[in-house]
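Here are my notes on the model you sent.

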Amino acid sequence: MSANQAGPARIRLLLADDHPVVRAGLSGMLAAEDDLEVVGEAADGAEACALAAALRPDVVLMDLRMPGTDGATATARLSRELPEVRVLILTTYDTDADILRAVEAGATGYLLKDTPRRELADAVRAAARGETVLAPAAAASLLNRVRTPAPAPAPAVLLTARETQVLALVARGRTNADIGRELFIGEATVKTHLIRVFTKLDVDDRTAAVTAAMRLGLLPQP
């Protein structure tokens, strides 16, 4: 195949789950997508970190509760040692403590294992782009969990109505394209709003922006 006939770059995935049947199911389901490639499988967090260092995947699909090194601990290690590798939590657990621990560890997103195939594939693509991906139940739990009172925000961290709308949709797991369609604005405009939000909240990514805004009371309750 010539260079001009080559297809788009594939997103390289590492699966981390202690159940072989789950890994096999995920591998078969995701490998069916033309732009996704499963390059490795791990049975626990320690193995996931070792394989990630060797294989340098774009995204790690990480279960939370595994024997030995659990998913949150492995996520924190990957965030420190391989920050370019995105970690997308895929689990059956949706408790407040699990969700908050995973987000604080540096996970790009948090999905449940009953997520439909198409939504899971789209979430992997969004995670590879560095976008926050939260299942609705996880987003609601995260909002309810962040209860630390904060003083009234100074004018420097007040968000405009549009910035608040954009960030609220990010918190509900919407991609930039989704937000643009919902608000009838261009995707480039969505990115501009997010850059301004990052500057105001003094953060570097979408997940940190959502968490900071919730702690400051800048996002509406679900």
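Is the crossing where α9 passes α10 left-handed or right-handed? α9 passes α10 in a left-handed crossing. Keep in mind throughout that this is a predicted model.

1. **Geometry of the helix pair.** Helix α9 covers residues 187-201, and helix α10 covers residues 206-215. Their axes come within 10 Å. They cross at roughly 55°. An angle between 35 and 65 degrees counts as oblique, so α9 and α10 are oblique to each other.

2. **Who makes the contact.** From α9, the contact residues are L194, V197, F198 and L201. From α10, they are R206, A209, A212 and A213. By class, the residues of this contact between α9 and α10 split into seven nonpolar and one charged, with no polar residue. R206 of α10 is part of the contact, and Arg counts as charged.

3. **The loop between the two helices.** D202 sits in the loop between α9 and α10. Its phi is positive, about 60°, although D202 is not a glycine. D202 has a relative accessible area of 71%. The cut-off for exposed is over 50%, so D202 is exposed.

4. R56 lies in the loop that runs between α2 (45-55) and β3 (59-62). Its relative accessibility is 46%.

Methods. Residues are numbered from 1 along each chain as its sequence is written. This is a predicted model: local features need pLDDT of at least 70, side-chain atom pairs count only at pLDDT 80 or more; totals for chains, interfaces and linings use all residues. Side-chain values use heavy atoms; hydrogens and water are left out. Axes are lines fitted to C-alpha atoms, for helices over the stretch in contact, and angles run from 0 to 180 degrees between N-to-C directions. Helices (H or I, at least four residues) and strands (E, at least two) are DSSP runs, numbered from the N terminus. Angles under 35 degrees count as roughly parallel, over 145 as roughly antiparallel, 65 to 115 as roughly perpendicular and the rest as oblique. A crossing is left-handed if the near helix is turned anticlockwise from the far one by less than a right angle, and right-handed if clockwise. Contact means heavy atoms within 4.5 Å. Buried means under 20% relative accessible area, exposed over 50%, partly exposed in between (1.4 Å probe, protein chains only).
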